[in-house]
Amino acid sequence: MQNIYTVKRCKLILAAAAALFCGNVANAQSVQLPYQYQFYQKFNADVYSTSNNIHTALKPLLIDSSLTARYDSLMNYGNDTTHKGWVYRKLFREHLFDVRKEDYTFYADYLPDLTIGREFKGRNTTWLNTRGFQIGGTIGTKFSFYTSGFENQARFADYYDAYVNRTGMISGQSYDRKFGREKTKDWSYVTAVISYTPIKQLNFTLGQDKNFIGDGYRSLLLSDFATNYPFFRTTVTLGPIQYMAMWAYMQDRQEPRFDTFGDNRRKWAAFHYIDWTISNRASLGFFNAYIAPEANKQGVHRSFDVNFINPVFFASSLGPSSQPGNSIAGFNGKYKFLNKHAIYGQFMFDRVQGNEGKAITTTGWQAGVRGADLFGVTNLNYLAEYNTAQPYAYSGAERLSGYTAFSEPLAHPFGANFRETLGILNYSVGRFDLQGKVIYAKYGLDATATDNNGKNILLAFNGDNIPGTSTGQGLSTTLKYAEGTVGFILNPRYNLKLEVGGIYRQLSNTVGTSNTTLLTIGLRSTFRNIYTDF
């Protein structure tokens with residue numbers, strides 16, 4: 001049922017676009033740069049150059065004058081074959097449908113994601129069969145639209161299969177229609193975004209998609225790990241100051257529902273972020289978010305409070321009395337210590353309030369360094385990062401007020417009660433994309449079904465009989481993860497590539513050790529992050 005309502009929402013979004021924004025055009029940029037980590041690394045030399053003061057934390061970025069040249073060079077790589085036939089150009093150089101007129105553009109593509117793999121320990125054959133599409137375009141320079149959809153079936157490695165069976169979710173995508181009852185998983189989802197920029201300093205975005213805040217691979221404030229959600233976002237940029245206010249509508253399939261509107265229990269979320277580029281080298285950002293369930297456990301809908309839609313920073317997080325929920329706040333910053341190289345970090349704090357009025361203050365922080373053209377090698381990018389969050393961070397007094405969407409964390413994939421160190425290297429040369437990633441993490445699990453050691457942020461926090469707030473408490477568990485991919489880009493317009501990948505994962509504690517060695521090969525496409533590193 002979720003997919004039916006999702007499709008209806010996307011149709012309404014596109015219909016609204018046609019009705020509201022098909023007016024005269026002006027000189028303002030409105031096209032989003034789709035957020036996919038490896039793709040964004042190709043812009044590092046421009047984004048982290050000391051010659052500019054681009055706002056880098058709020059993603060997806062808008063393609064402005066500082067990124068246009070690099071974006072065009074990537075999309076048109078090798079596009080000097082006008083003598084080639086139509087079939088060759090459509091397969092390897094152009095969009096399947098591509099219309100470019102003076103006052104509008106339109107494109108459409110078929111998006112396959114077809115892989116097969118082998119998990120060696122369990123002698124398990126994995127596979128993914130995804131058929132997708134994307135449609136996008138612009139009307140003048142003020143308005144852009146984009147939608148994509150994916151129908152999927154797959155068999156996963158054992159560790160990932162266990163995650164789906166436990167949560168009912170294909171991470172970051174949608175729910176499993178069979179909810180773990182079958183080995184073959186089946187799911188579908190769509191993305192739809194319309195973006196309107198009436199003047200250079202102002203942008204409105206309405207969509208069903210994800211958002212990301214930060215300069216790292218992970219985010220402790222807002223990440224793109226959870227599945228798509230409907231939102232309305234407004235962004236104002238006035239010189240060195242960028243301000244974002246966003247309101248979102250989220251769901252939870254596993255909570256009991258009390259009405260016939262859709263399948264799931266629902267909640268509202270408000271986000272604010274202010275980014276200040278102090279100079280071409282330094283920036284500092286301030287963040288807050290507020291999660292409010294639409295109804296309590298008795299099915300009583302909470303009354304509307306104007307503070308929830310107040311665009312003033314921190315106004316919604318003061319805790320409207322009629323909508324008790326969960327408030328998160330934090331900071332984000334970076335400093336370019338060399339041209340194309342930056343240190344960055346985040347700090348998050350969450351005063352977790354229990355049902356009986358008991359509360360604790362929890363924190364999390366991130367520190368990292370990243371850069372481009374390492375050792376003078378063009379397009380050799382690196383990132384090293386540390387993340388940690390105390391037990392019970394992001395939790396709410398009830399499951400629905402936790403910092404989650406569709407049972408998945410809105411910040412770090414581990415939830416809370418963890419420490420993580422990771423490193424990523426990627427290199428692009430010609431049509432080849434190479435990436436290597438290593439992760440070492442320690443966290444505390446719940447040893448029994450009645451435990452709550454603070455990692456599972458879906459569990460309600462009541463403040464009674466908690467074992468403490470020491471990071472790693474509970475069943476001490478170590479995760480070692482390594483992943484490498486080599487891709488050969490066939491068509492840069494929609495990132496169509498042949499890719500070979502390998503994963504090694506080890507999870508160990510006193511209960512036992514789980515090892516995964518997986519090799520995959522396939523035909524992949526699209527610009528989206530699909531996380532398996534948890």
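**Figure 1. T526 sits in the segment after strand 27.** This close-up comes from a predicted model. T526 has a positive phi of about 80°. T526 is not a glycine. The relative accessibility of T526 is 7%, so this residue counts as buried.

**Figure 2. T516 is a buried residue of strand 27.** Strand 27 covers residues 512-524, and T516 is part of it. T516 has 1% relative accessibility, so it counts as buried. Which residues is T516 in contact with, leaving aside its neighbours within four places in sequence? They are E119, A157, Y159, I503, Y504 and R505.

**Figure 3. A nonpolar patch lies on the surface.** Its members are V429, F432, L434, V486, F488 and L498. Together they have about 460 Å² of accessible area. Which strands each supply at least two residues of the patch? Strand 24 (432-445) does, and strand 25 (475-491) does too. V429 belongs to strand 23, which spans residues 418-429. Is V429 buried or partly exposed? Its relative accessibility is 39%, so V429 counts as partly exposed.

**Figure 4. Q38 is a buried residue in helix 2.** Find Q38 in helix 2. Q38 has 9% relative accessibility, which means that it counts as buried. Leave aside the neighbours within four places in sequence, and Q38 is in contact with D433, L434, Q435 and K497. One of these, L434, is also a member of the nonpolar patch.

**Figure 5. N417 has a positive phi.** The value is near 60°, and N417 is a residue other than glycine. Where does N417 lie? Look in the loop between strand 22 (408-409) and strand 23. At 0% relative accessibility, N417 counts as buried because the cut-off for buried is under 20%.

**Figure 6. The peptide bond from K59 to P60 is cis.** Its omega is near 10°. P60 is in a loop. On one side of that loop is strand 2 (58-59), and on the other is strand 3 (61-62).

**Figure 7. Helix 4 has buried residues on the same side.** Helix 4 runs over residues 65-75. Its buried residues include L67, L74 and M75. Why are they on the same side of helix 4? They cover an arc of only 85° around the axis, so they share one side. The face turned away from the buried side carries S65 and A69, which are exposed. What covers the buried residues of helix 4? The cover includes strand 1 (32-33), helix 2 (37-40), helix 3 (44-47) and strand 3. Helix 2 is the helix that holds Q38.

**Figure 8. P467 is an exposed loop residue.** The loop lies between strand 24 and strand 25. Is P467 buried or exposed? P467 has 52% relative accessibility, so it counts as exposed. P467 touches Y392, N452, N453 and Q473, not counting residues up to four places away in sequence. P467 and G454 are 13 residues apart along the chain. Their C-alpha atoms are separated by 9.1 Å.

**Figure 9. pLDDT stays under 50 over residues 1-28 and over residues 318-322.** How many contacts beyond four places in sequence does the model have for residues 1-28? There are 51. For residues 318-322, the model has nine such contacts. Where pLDDT is low, the predicted coordinates should not be read in detail. Over the protein chain, pLDDT averages 88. A score of at least 70 is reached by 88% of the residues.

**Figure 10. The protein chain has six helices and 27 strands.** This view sets the close-ups in context. The chain has 534 residues, and 56% of them count as buried. Consider the contacts with a separation of 6 or more: residues 24 or more positions apart account for 65% of them. The chain exposes about 21800 Å². Carbon and sulfur atoms supply 60% of that area.

Terms used. Residues are numbered from 1 along each chain as its sequence is written. This is a predicted model: local features need pLDDT of at least 70, side-chain atom pairs count only at pLDDT 80 or more; totals for chains, interfaces and linings use all residues. Side-chain values use heavy atoms; hydrogens and water are left out. Helices (H or I, at least four residues) and strands (E, at least two) are DSSP runs, numbered from the N terminus. Buried means under 20% relative accessible area, exposed over 50%, partly exposed in between (1.4 Å probe, protein chains only). Contact means heavy atoms within 4.5 Å. Patches are made of residues with over 30% relative accessible area and no salt bridge: like charges are joined within 9 Å, nonpolar side chains (Val, Leu, Ile, Met, Phe, Trp, Tyr) within 5 Å. Accessible areas come from the Shrake-Rupley method with a 1.4 Å probe; for residues, only the protein chains shown count as cover. A salt bridge is a side-chain nitrogen of Lys or Arg within 4 Å of a carboxyl oxygen of Asp or Glu. pLDDT is the predictor's confidence in each residue, from 0 to 100. The arc is that of the directions from the helix axis to the C-beta atoms.
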